[in-house]
Amino acid sequence: VAASETAAVPVAVSDQIKARIVRQVEYYFGDANLPRDKFLQEQVSKDADGWVPLSIIASFQRMKAISEDLEVIKAALRGASSLLELSEDGDMIRRTTPLPLDDGQLMARSVYVKGFPVSATLDDLLAFFGKHEPQPQAVRMRRHPKSKDFKGSVFAEFPSEADAKAFLALEGLSYEEQP
């Protein structure tokens, strides 16, 4: 086998797909999700240095909806985030900084927002919040316990209490012409 046949071929990833992959993986390892995600915490704790197989992240439902190609995911993440680090071979990923201590201010940094149609998807909601500053670091859809149907309301968690208050101060917020 010639050396050129065994060399890794660079994978082209569109800027849009790259941004979606980075945003999703940063969410998984972010301050808003990782402290509450028991499965991912378990995966992080399996390795003394906090490495998680990228194949596990790629198996998550929202990641599979973006791309099921592990090479595309590797290419998108390589050097694209200050929060995340890929191993040299690209097979493992970890958070670069320790999680901050719980400041007990989750409720003060969170905003309850209602009035969304029950047909809205998480992507629809992220697009809505993405149009406004400040932007939340997490959006949690409220669902009915038994059916798991969306209730039409969310908790949006902001990085600080000041950001939450600034969002509340925005005037004229509406979704599909619904206040």
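Ring pairs join Phe116, Phe128, Phe129, Phe158, Phe167 and Tyr175 into a cluster. Rings of Phe, Tyr and Trp (its six-membered ring) count as a pair if their centres lie within 6.5 Å; planes under 30 degrees apart are stacked, over 60 edge-to-face, and the rest tilted. The model is predicted, so local features need pLDDT of at least 70 and side-chain atom pairs count only at pLDDT 80 or more, while totals for chains, interfaces and linings use all residues. Residues are numbered from 1 along each chain as its sequence is written, and side-chain values use heavy atoms, with hydrogens and water left out.

**Aromatic pairs**

- The structure holds 11 aromatic pairs. In one of them, Phe116 and Phe128 have ring centres 5.5 Å apart and planes at 80°, so this pair is edge-to-face.
- Phe116 lies in the loop between strand 4 (110-114) and helix 7 (122-130), and Phe128 lies in helix 7, 12 residues apart. Helices (H or I, at least four residues) and strands (E, at least two) are DSSP runs, numbered from the N terminus.
- Phe116 and Phe128 are buried, that is, under 20% relative accessible area; exposed means over 50%, and partly exposed lies in between (1.4 Å probe, protein chains only).
- Phe116 also pairs with Tyr175: the centres are 5.3 Å apart and the planes at 75°, so this pair is edge-to-face too. Tyr175 sits in the segment after helix 8 (161-168), 59 residues from Phe116.
- The relative accessible area is 6% for Phe116 and 11% for Tyr175, which is buried.

**Salt bridges**

- There are 9 salt bridges in the structure, each a side-chain nitrogen of Lys or Arg within 4 Å of a carboxyl oxygen of Asp or Glu.
- Asp31 and Arg95 form one of them, at 2.6 Å from N to O. Asp31 is in the loop between helix 2 (15-29) and helix 3 (38-45) and Arg95 is in strand 3, so the pair ties together parts that are 64 residues apart in sequence.
- Asp31 is partly exposed at 34%, whereas Arg95 is buried at 14%.
- Arg36 bridges to Glu157, with the closest N and O atoms 3.9 Å apart. Arg36 lies in the loop between helix 2 and helix 3 and Glu157 in strand 6 (residues 150-157), so parts 121 residues apart in sequence are tied together.
- Arg36 is partly exposed at 37%, and Glu157 is buried at 5%.
- Salt bridges link Arg36, Arg109, Arg140 and Glu157 in a network.
- The side chains of Asp123 and Arg62 meet in a salt bridge at 2.6 Å, N to O. Asp123 belongs to helix 7 and Arg62 to helix 5 (residues 61-66), 61 residues apart.

- An open sheet of 3 strands has the order 1-3-2 with antiparallel pairing; two strands pair if DSSP finds at least two bridges between them.
- Strand 1 (52-53) and strand 2 (84-86) stand at the edges with a single partner strand each, so one side of each has no neighbour in the sheet.
- Strand 1 is joined to strand 3 (residues 92-95) by 2 bridges, and Val52 stands opposite Ile93 in strand 3.

**Backbone geometry**

- Most residues other than glycine have a negative phi, and most peptide bonds are trans.
- Glu133 and Pro134 are joined by a cis peptide bond, with omega about 0°. Pro134 is in the loop between helix 7 and strand 5 (138-143).
- Glu176 has a positive phi, near 50°, and is exposed at 62% relative accessibility.
- Glu177 has a positive phi of about 65° and is exposed at 76%.
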